[in-house]
Amino acid sequence: MRVSDMAHGETDSLKIAATTEVALPDIAVPTRRPPAVARRTEKPLAFLRERVARLPISSTADMAVEARHGHLFHFVPVCIGAGAALWFLLPTSPPFAVLTCVLIAATAGIWLLGKPGTVRHVTICAVALFCAGMLLADWETRRTATIVLDQPVVTIVTGVIERREAGAAGEWRYVLCLTGTAEPMLRRAPERISVLARSRHEPLVIGAKVSGRARLSPPSGPALPGMNDFAFASYFSGIGAVGFFLGPPAAVDVSQGASSGDRQDFWPGFSPGLLPGIVQSADQALFSLRDQISTRIRTVLPGDPGAFAASIITGERRSMSKAATEALRLSGLAHITAISGLNMALAAGIFFVGLRAGLSLFPVVAQAYPVKKIAAVGALIAVTGYVLISGYQVSAVRAYLMTSIMLVAVLVDRPAISLRNLALAATIILLVQPSAVMGPSFQMSFAATAALIAGYAGWRKRPRDFLPRFRGRKVLLLAAFARFFGGTLATSIIGGLATAIFAISHFHRLATHSLEANLIAMPLISLVVMPAGFIAMILMPLGLDAPFLIVMGYGLEWVLIVAHEIAGWGDGYTFSRQPAWLLPTTVAGFLLLTLLRTRLRHIGTFLVASALLTACLSPRTPRADLAISEDGRLVGFWPASHTPIDDDQLATNRQRPPSFIFDQWQPALRIAGTIPPEEMSGTAALLSPDRPKRTPLSGTEISTARQKLEDLLKVADEKNFICIQDACAAMHHGWRIITLERHEVTGIACDLADIVIVAQRPGFAHCRSGARLISAETLRATGSLEVFLRDRSSRTMTIVPSFDGPARAWTRHRLYDWRSGSQAESHTSHEQAKGNSPITGEVSRLPPTDGPA
C-alpha cells in the first residue's frame, strides 16, 4: 500500500472514531513541538525566570559572535572618544601620572589576563582605550596652549594674513598671525586673531603683513549655563581673540624693521628653523590657491549661487546672504554647504566612473591593465586635492578618510563600504584631534554615516522576494527612477533620524520639512551641481571652466528656490534645553544599535526608547527668575502673569536684544516673544554724556542721580523694565532690580536696590548695603548667569554660573588679572578674593537644564 493511501486511511479512521464517540486506547504519542514552544505552555513567570537565568550565557555567546566577526573593533573610536569627552567635561583635569599608570596596567592586563573575545578581555581593552582617550585630550590641550585674550581692548594690531573670507555685504574676515600690538601693547597678546574689516578697502592678499586699529574681545562663552562655549572651539583652533577693525587695514612693508613688541616667529607653535618655513610656505600657498578658486567662482557666479558654489567646493560660507543661509537651515538643506560625505562621495564617484569608463573604451588597455584599480588611484588623487582646498573642516576630513579607505579597499580587493572603515576614520581623527568629539560636526557626521551603513547592511539582508521583479524596458526605467528616489528618501529619513538628537541638543531646533526638501534638491545636487562643478575644477587651469560653472549656478539657483519655498512652510520645531543625561544615554543606545549585529544591539533600542520616553514624561525644570548675559548688557526676567501666552514672554532691558545672544536664548528658554522696556518720560540721563570719565561725582551729581533712581524704582512694576538713559529698574517677586550702563552711580544703586547689575567695572566687588552686585568684573570670571530668587527678606538667592571651580585651559584667561599679571586658581577663589562669592544664600546649585519642550 502506498504511503498516501495509508495516510488517508488513518484520517478516515480518526473521523469515524470521533463521530461514534468510541474510546481510543491510551497511546503515547511523541511530542514534535520545538522546545521553545513547549516551554511557553508553562507558567509565564517560570518562563520569564528561565529566560533571565539564561541571559548571562546567551549574552556571553553573542559577545563571542561579535568578537569573532570583528564587530568589537567598531567600538575602538567610541571608547577613545568617550575618554576624551569625559576629560573635557570634568571640572578639573585628572592627574596625568594616574592616567598613565592605569593605561599601563590595562595594557599589561590585555596580554596577561583573559582570553580574546571574553567579557574580561573586552572590558580591559575598553578601559585601556578609555584612558588613552583621556591622555590624548590632555596631550592636545598641552600641545595647543593657545593664549586667549583676557578682556576687551582697543589697540593697534600688526600681523600676517593666514586666511581670508569674503562676506555677503562686501566685508572681509581675516585670520592674522599676530606679530605686534601698540597703544597699548598687550602683555598677553594672542598668537592668532580673527578680525572683520567692514570698511571699503582693497582686499589684502594672503601672506601680506597688515596693520590697523582694532577692537579685540575674548571669544564668547556660553550664552546661558550649560550651553555651547565658543571659547572652547576657539582655543583648540588657535584663535585667541575676535574683533573688528575700526577703519580700513593698511598693508605694511615687510622690509621695514619690526616695531616694539613684535614677535619674529610668524608661525605659532614652532621654533625658528627650516621645517616651520616649509610648512608655512606650503600652508600659505595652499590657502592662496583656495582663495583664488573662491574668487574665480564668485566672479563667474555673482550673488548667492556663487557663494553657494564656493561653499560646496572650497568650504567658504561667509559670502552667502543671511536670507539664503536661513532658508537652507529652515528647510533642512544646510548640510549641503558643508563639505561632507555626500560631496566627497560624488567627487570620487564621478572621477572613478568617468576614468574607468574612459579606459574601458580602449580594449588593449582594459585587457592588459587593472582598469578598476587605476580608476581608484585617480579618484584618490582627486579627493586628496579636494580636501586640501576645503579648509580642513572636520566633516571634510572625515569624508576624505572614509573615501580614501574605501578606494584603498578597492585596490586590495576588500569591501569598500563598511563600519570598520568608518571606525578606522574616526580613530585617526581622534588620535590627531580629540577635541573634535565635542563638536556637533563630528558627532552628526559620524552618526549619519554609521546609520546609513547599518541601514544599507540591513537592506542587503532582506529576502530576495521582498520586492517584485520587473521586466520590460519601460518598466525597468521606471524601476530605476523609483530606486533612485527611494534611495534618496531612505537616505534622508535615516540621516535625519540619526542626527535629530544632536540637532535638538546643540541647536535646539529641528527642521520639519527636510524630507521633502532633500527629496527635491538632492537629485539636482547629484546629477547637475556636483558633476558640473567637478568638471569646472578640472578645466579651471585651462580657463575653460566658465560654461560648467554657469550650469552649476543654474542648479544651485533651483536649490535655493526650493529652500526658500519650503522654508516658508514653517520654522520647524524648537526645543528647550534637555536634561544633561539625555544626549549621552541616547548616543550610547544608538551606537549599540548600529555597531552590533547580534541580539545585543536591542539593548540600544531599549536605551533609546526609554531615554526618549523618560524625557517626554518628565516634568519641566523650573526656569530661572533672571537671565544675565556674560557682558551684563542683556538682562531678562519672566513677568508675573496668569495667561499662558504671557508666561512665555521675556521682559528685557533692551529695546533690541543683541541677536547673537538672544537667538540662543529664545529656543533654550522657550521664549515666544519679548516685552520691551518702557521709557520713563520727562527724565534725562543719570549723568551727562559729556562728563569726563574716572572723575569723582560732585554732590549735585550724586543727589540728582539718587533722585532719578528713586523715581525709577517708584514706577517700576513686575510687568517689564522701566528705563531712562543708562539705567533700568524692575520689580520681580518683591525684589528691586537695577541695571546700569555706567559704573559711577553703582554705590547709589546699591543703597536703593536688592540686585544691581553693572555692564562696567565699578572699582569694588560688593555692596556695603548687602545688595547683590553683579558687574562686568564678576561676570568675566563666572560667565553668564541664571538667578533663582528665594527669600527676599534675607536676600537669599541661588546663582548658577557658567563657570565654577578650578580653571581649565580654555577658561584660564577669565581669571587673569591684567593689573598685577597674576592668575587665579579657580573661578570661586577669584570671586572670593574680590569679596563676592559666585553663589550666595543656598549652597546647592540647581541644574542648568530644562525639560523637553
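How many cavities of 30 Å³ or more does the structure hold? The structure, a predicted model, holds four. A cavity is here a set of points, on a 1 Å grid over the protein atoms alone, where a 1.4 Å probe fits but cannot get out; grid points are joined across faces, edges and corners, and a volume is the space filled by probe spheres set on the points.

Local features need pLDDT of at least 70 and side-chain atom pairs count only at pLDDT 80 or more, while totals for chains, interfaces and linings use all residues. Residues are numbered from 1 along each chain as its sequence is written, and side-chain values use heavy atoms, with hydrogens and water left out.

The largest cavity has a volume of about 60 Å³. Ten residues line this cavity, and Ile-161, Glu-162, Gln-280, Asp-283 and Gln-284 are the closest to its centre; lining residues have an atom within 4 Å of a point. Strand S1 (153-166) and helix H8 (274-300) are the elements that give two or more residues to the lining, and S1 supplies the largest share, four residues. Helices (H or I, at least four residues) and strands (E, at least two) are DSSP runs, numbered from the N terminus. By class, the lining has four nonpolar, three polar and three charged residues; Ala, Val, Leu, Ile, Met, Phe, Trp, Tyr, Cys and Pro count as nonpolar, Asp, Glu, Lys and Arg as charged, and the others, Gly among them, as polar.

Elsewhere, the axes of helix H9 (residues 303-313) and helix H19 (residues 546-567) come within 9 Å and cross at roughly 100°. H9 is therefore roughly perpendicular to H19, a term for angles of 65 to 115 degrees. Axes are lines fitted to C-alpha atoms, for helices over the stretch in contact, with angles running from 0 to 180 degrees between N-to-C directions. The contact residues divide into nine nonpolar, one polar and two charged.

Note on methods: Parallel < 35°, antiparallel > 145°, perpendicular 65-115°, else oblique. 1 Å grid on protein atoms, 1.4 Å probe; cavity = no way out; pocket = protein on both sides within 12 Å on 5 of 7 lines; lining within 4 Å.
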